[in-house]
Amino acid sequence: MKVKIDGKEVEVEPGTTLLSAAEKVGIEIPRLCVIPGLYEGSSCRVCLVKTPAGRLFPACNYRVYRDEEFVSNSLDLWEMRRVNFELILKFHRIECWQCYRKGQCSLATLSKELMVEGIPVCSECPLSPSECLLQKGILCLGMITQSGCRAECLFSGGECWGCRGPISRRDLIERAFEHYIELGYDVKAVISKAEIFWNSLSELKIVKEAADRVVDRE
Amino acid sequence: MSSMRLVIEEVPAVAGKVNVHVDRDRGKVRIEFGVVQEPRFFERFLKGRPAVQVPYVMSRICGVCSVVHLTCSIEAVEKALGLVPKPEIHMLRSIAKGLEIVQNNFIHVLMALPDFTGHGNVITFSKAYPGLFNRMMETNKMILEAYNRIGGRFVHTPSLGVAVHGKPVSRYELQTASRLLRQVARELEDLTLNLEDMWKPLAEGFTDPAPEYCCLNPVENWYPFFSEELRFSDGNVVKAENYGEVLNERNVSYSNSHYVLYRNSPFHVGSRARLQAYVNMLSQSVLELEKTLRLDFLNPFDNVKSQYIEVAYLADILSHSLDELAASIRGRIEPFYTERSFNNSGEGVALAAAPRGVLIHHYKITNGRLEYANIITPTVMNARHMEVAGEALVKWAYDNGIECDERVKHLVSALVRAYDPCLPCSVH
């Protein structure tokens with residue numbers, strides 16, 4: 001039977017998932033929870049596609065049994081995927097500086113694809129947590145800086161100076177400051193370094209407030 | 001001599017905004033070289049900042065020659081704080097800076113070449129000689145690749161810092177960079193054969209009206225990338241910390257940048273000044289290159305030829321240095337970090353060879369924070385010399401029957417481009 005995705009027609013066996021059908025014609029649909037053959041529970045709803053009439057289906061477990069047409073690339077679909085992903089990210093305790101899944105994290109990859117902010121530069125850092133520059137006495141701003149630069153400075157052997165701006169999640173900034181204090185860094189020194197690139201940003205106020213809350217708690 | 005008033009607004013093919021006013025009245029010529037770009041106050045806004053952050057911000061003075069500002073600033077901070085990096089780290093810094101001079105000079109030659117071939121700008125030049133242009137761009141790529149092996153990213157290199165060299169450099173990487181530079185040197189020899197005929201002299205017979213030059217004093221007969229002394233062509237050698245005694249900084253009403261004079265007279269810094277001073281160090285092949293290109297040391301336009309020859313010379317000596325360094329290490333040079341208790345006080349002046357001349361960074365640090373900064377860039381040193389040379393050029397043009405305004409404008413603009421294609425550092 002024939003399936004048409006974004007105007008591209010493909011012939012598939014009955015019972016094939018939309019995700020496999022799309023892959024056959026070279027269309028990449030974003031996904032998070034699906035592991036083919038192991039888990040196709042469509043929990044994340046990041047792989048949403050729609051019919052021309054506007055009905056939504058998760059591409060990972062919708063199986064095709066008749067000739068049908070789908071749209072996988074439209075503005076409203078990307079917006080819905082983005083909202084679904086943001087909700088998932090909200091429940092994730094982001095502590096990339098302690099995570100060993102550097103460069104292979106689906107959350108980090110998808111956040112870039114869906115343009116969802118909130119993942120720090122540590123997710124792209126080439127150094128493992130045991131080699132972290134912070135432990136060598138180098139004040140790196142990776143923990144509180146928005147990712148997306150492929151950690152260019154860290155790959156070149158330097159530290160993060162925060163040129164991409166701060167991350168927006170207050171809980172994450174607070175956890176990062178707790179970690180700075182734990183490692184013996186002065187919060188004022190961190191803020192002073194952050195001011196180099198963030199002095200004109202309104203978000204700097206959020207960072208300063210988060211730092212104050214952590215200092216008060218300590 | 002009739003009177004004439006010309007204004008060249010925003011000289012083309014130059015980074016930054018500069019206006020040149022030419023006044024010629026009854027045999028007298030006056031040129032005003034006015035940088036109209038907004039000042040950025042680096043020396044002021046860094047006051048009170050932790051000294052260790054200073055080099056990283058100072059490198060932002062110029063995106064084109066960021067490495068020299070970064071390394072010179074690092075040296076000055078280290079001197080002030082009394083830190084001494086390991087010799088191989090210092091060597092790597094010197095090589096990184098040498099590679100920057102190679103890359104910058106090479107691109108400057110490419111940007112200025114259309115003035116000599118009569119093509120006006122690089123776009124027209126690239127259409128007229130696509131093969132040659134592509135080969136030059138490929139050569140530039142090789143130089144950048146060699147830099148990448150040593151320092152990592154070229155613009156605002158993150159691996160260089162105060163008492164830090166963050167990038168591990170293996171012997172294989174050193175050897176690869178050396179191989180690339182040897183390839184660049186060979187490519188330059190080939191390119192010279194093509195350039196020999198098309199590189200016509202501009203204003204032949206015009207000579208430098210103020211032949212006073214300055215460069216770094218060589219250390220142990222080795223091409224100096226960093227030095228403790230300035231050397232002037234009148235034989236005067238000045239220690240870094242005494243630079244203020246001979247160099248006078250002045251403000252002028254028509255320019256946002258300073259002027260720096262040597263004992264109240266203009267002087268030139270740059271490749272032309274360096275090559276004249278270090279001519280004894282040049283190898284036979286480089287001297288032959290100089291003869292082939294018919295370099296005239298006294299013609300300010302031949303600063304571009306000097307840069308080309310300097311590229312060939314530096315590619316050669318840097319590849320040897322890289323080979324020597326590769327032979328002296330085991331495995332790789334590990335990232336180097338010092339214990340960062342930078343709360344000392346002190347004063348440091350660093351001199352560095354920048355692509356366009358001599359760069360001075362002078363800091364006073366109190367309890368680990370910057371208290372005073374003074375930066376003198378090559379562009380401000382050359383500014384007055386450029387005016388004096390421009391005035392002589394306009395007189396020379398009139399004496400040689402060149403009276404067309406457009407032709408005079410072209411000559412003056414070409415002179416600015418031959419001196420310096422990048423001016424924002426003058427309003428740091």
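In this predicted model, helices α12 and α13 of chain B are roughly antiparallel to each other, a description that applies to angles over 145 degrees, whereas angles under 35 degrees count as roughly parallel, 65 to 115 as roughly perpendicular and the rest as oblique. The two helices pack at an angle of about 150°, with their axes 10 Å apart. Axes are lines fitted to C-alpha atoms, for helices over the stretch in contact, and angles run from 0 to 180 degrees between N-to-C directions. Helices (H or I, at least four residues) and strands (E, at least two) are DSSP runs, numbered from the N terminus. The crossing of α12(B) and α13(B) is right-handed; a crossing has this hand if the near helix is turned clockwise from the far one by less than a right angle, and is left-handed if the turn is anticlockwise.

The model is predicted, and local features need pLDDT of at least 70, side-chain atom pairs count only at pLDDT 80 or more, and totals for chains, interfaces and linings use all residues. Residues are numbered from 1 along each chain as its sequence is written, with chains lettered from A and ligands numbered from 1 in the order in which they are written.

On the side of α12(B), the contact with α13(B) involves N382(B), M386(B), A389(B), G390(B), L393(B), V394(B) and A397(B). Their counterparts in α13(B) are V408(B), L411(B), V412(B), L415(B), V416(B) and Y419(B). Two residues are in contact if their C-beta atoms, placed from the backbone, lie within 7 Å. The residues of this contact comprise eleven nonpolar, two polar and no charged. In this division Ala, Val, Leu, Ile, Met, Phe, Trp, Tyr, Cys and Pro count as nonpolar, Asp, Glu, Lys and Arg as charged, and the others, Gly among them, as polar.

Five bridges join β1(B) to β2(B) (residues 18-25) in the antiparallel sense. M4(B) stands opposite R24(B) of β2(B), and I8(B) has V20(B) as its bridge partner. β2(B) and β3(B) are likewise antiparallel, paired over eight bridges, and D25(B) is bridged to K28(B) in β3(B). The hairpin of these two strands has two residues between them, and R26(B) there takes a positive phi near 40°. In a regular strand the side chains alternate between the two faces of the sheet. In β2(B), V18(B), V20(B), V22(B) and R24(B) form the covered face, and N19(B), H21(B), D23(B) and D25(B) the uncovered one.

A second open sheet of chain B has four strands in the order β8-β15-β16-β17, with antiparallel pairing. β8 (226-227) and β17 (369-376) of chain B stand at the edges with a single partner strand each, so one side of each is left without a neighbour in the sheet. Helix α12 (residues 378-399) of chain B packs on this sheet, where it touches β15, β16 (357-366) and β17 of chain B, and its direction makes about 130° with that of β16(B). Two bridges pair β8(B) with β15(B) (residues 346-354), and F226(B) has A352(B) as its bridge partner in β15(B).

Elsewhere in chain B, the axes of α3 (residues 66-81) and α4 (residues 87-117) come within 9 Å and cross at roughly 150°. These helices are therefore roughly antiparallel to each other. V67(B), V68(B) and T71(B) of α3(B) make the contact with R93(B), A96(B), K97(B) and E100(B) of α4(B). The contact residues comprise three nonpolar, one polar and three charged.

Between the chains, twelve residues of chain A are in contact with 16 residues of chain B. α6(A) gives the most to the side of chain A that touches chain B, with three residues. The residues on that side of chain A divide into four nonpolar, five polar and three charged.

Conventions. Pairing = 2+ DSSP bridges. Buried ≥ 20, exposed ≤ 12 C-beta atoms within 10 Å, placed from the backbone.
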